[in-house]
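The following exercises are intended for a reader who is new to this structure.

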Amino acid sequence: MRDGILDDLRDRVAGPVLLPGDAGYEAARTPWNLSVDQRVDAVVEAAHADDVVAAVRFARERGLGVSAQPSGHGAAPLGGGTILLRTGALDEVSFEPGRAAVRVGAGVPWSRVQEVASPHGLTGLLGSAPHTSVVGYTLGGGLSWFSRRWGRASDHVTAFDVVTADGETARVDAESDPDLFWALRGGGGDFAIVTAMEFGLQEAGLVHGGQMMWPGAKAAAVLAAFREVTWNAPPELTVWLRLFRPPVPDGEPMVIVDSAFLGAAQEAEKLLKPLAAAGAPVLDTRRARRPADLGDITGDPVDPSPLRARTEMLTDLDDTTLYALAGAARDLPPLVAVQIRHLDGALTASTGAAGPIGDPFLISMMAVPSGPPEPGLARRRALADALSLSGGPKPFTLLAPEEAAAAAFAPRTLDRLRAIKRERDPDRVVRANHPVLG
């Protein structure tokens, strides 16, 4: 593609344009998950929204596709015929405390929203990793610490600024374009390139939360207590459990409960009291936190790293499931972590394309890739076979790189998304990490 086309593309955009062989191309094409390969024809680092328009029009003229990634989180493999559009420089943040609303550019991470909102007792519906982009996370629905209380992040979007597959700009809300507005709220980035987004914030003030950690030998007791906590948990309480073994020689297995509670410490202690049956934790970081400090709870890695992960939906934490998980805690490798998230609450009534989540739990199984054959894949399958999995729709943002978008949606929702895609972008100029048409 270099002959004549590189110069043409560079003439159209203000930001850098990198092709294979250029200095910086390898770093620019590489996503956050280093196990995902993106061999794209070009990388455009958009300087502003006009660059997005120019890149989309260029791609359309030449029969190419455009895939937008602010920071590379949630990436899936991309190959030839694709321009990778980096939108990290679209970093506008406009905050209106009186309306509890914020407008962000496509490159803004959750940490910046939380820093401006927290002093006013407000929070966005971010997940455990505040360095991820607000827009990318929300296009996939967004599964937050506070989703049991307020639903998905996508439920609270009021408007999108987009560049359509025709290379035109538009403001999309419930009145101007209800179909596209519905699709963008959780259907992924397959329908238009979002350059900015407006959404409402929630009143939070201080949050009581943190991490409790026990040796892996306590897994059975902690799992039983975790199940009891979830039986009685109000929507204001979110608890996640992790079985973890550091991927280092002689790494000691641990079992961890992460929690966030919208309320006072005394009430949080009462709700988590069943965990006392597992004995005193070796680490307890629970305390009052600003919403801006939520990223400290799980300590998710910030730097890019290789990862093989798979998420499945759990119907129940029955005795058979707890037995299998306790066994996994004793013999976790080659998996490095297994996480269970309690869902339910407002997630059963989420709107937009993300839709409701019918299962009360999800489980994510993670391994560090070691090259073929992948022993982590066999271990993951063996554990999944022993669990009460539902096969129901998964959160879009937790899809594995090799999974299709169909895994995230109920059949009727998928049919509607595909109809919108065929109508708005029949040439598939806009390409999501997980395209709805496969």
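**Exercise 1.** Classify Trp240 as buried or exposed, and then describe the ring pair that it forms with Trp145.

*Solution.* The model under study is predicted.

Step 1. The relative accessibility of Trp240 is 2%. Buried means under 20%, so Trp240 counts as buried.

Step 2. Trp145 has a relative accessible area of 1% and is therefore buried.

Step 3. The ring centres of Trp145 and Trp240 are 3.9 Å apart, and the ring planes make an angle of 15°. Planes under 30 degrees apart count as stacked, so this pair is stacked.

Step 4. The pair joins distant parts of the chain, as 95 residues separate its two members. Trp145 belongs to the loop between helix 5 (134–139) and helix 6, and Trp240 to strand 13 (residues 237–244).

**Exercise 2.** Describe the surroundings of Ser147.

*Solution.* Step 1. Ser147 lies in helix 6, which covers residues 147–150.

Step 1. With a relative accessibility of 0%, Ser147 counts as buried.

Step 2. The side chain of Ser147 reaches the backbone nitrogen of Ser144 at 2.8 Å.

Step 3. When neighbours within four places in sequence are set aside, Ser147 is in contact with Gly142, Arg152, Ala346 and Leu347.

**Exercise 3.** State how helix 8 and helix 10 cross, and characterise the residues of their contact.

*Solution.* Step 1. The axes of helix 8 (residues 219–231) and helix 10 (residues 319–330) come within 9 Å and cross at roughly 145°. The crossing is right-handed.

Step 1. Helix 8 contributes Ala219, Ala220, Leu223, Ala224 and Arg227, which meet Asp319, Leu322, Leu325, Ala326 and Ala329 of helix 10.

Step 2. Of the residues in this contact between helix 8 and helix 10, eight are nonpolar, none is polar and two are charged.

Definitions and conventions
Residues are numbered from 1 along each chain as its sequence is written. This is a predicted model: local features need pLDDT of at least 70, side-chain atom pairs count only at pLDDT 80 or more; totals for chains, interfaces and linings use all residues. Side-chain values use heavy atoms; hydrogens and water are left out. Helices (H or I, at least four residues) and strands (E, at least two) are DSSP runs, numbered from the N terminus. Buried means under 20% relative accessible area, exposed over 50%, partly exposed in between (1.4 Å probe, protein chains only). A polar contact is a pair of N or O atoms within 3.5 Å; within protein, one must be able to donate a hydrogen and the other to accept it, and residues adjacent in sequence count only if both atoms are side-chain atoms. Contact means heavy atoms within 4.5 Å. Axes are lines fitted to C-alpha atoms, for helices over the stretch in contact, and angles run from 0 to 180 degrees between N-to-C directions. A crossing is left-handed if the near helix is turned anticlockwise from the far one by less than a right angle, and right-handed if clockwise. Ala, Val, Leu, Ile, Met, Phe, Trp, Tyr, Cys and Pro count as nonpolar, Asp, Glu, Lys and Arg as charged, and the others, Gly among them, as polar. Rings of Phe, Tyr and Trp (its six-membered ring) pair if their centres lie within 6.5 Å; planes under 30 degrees apart count as stacked, over 60 as edge-to-face and the rest as tilted.
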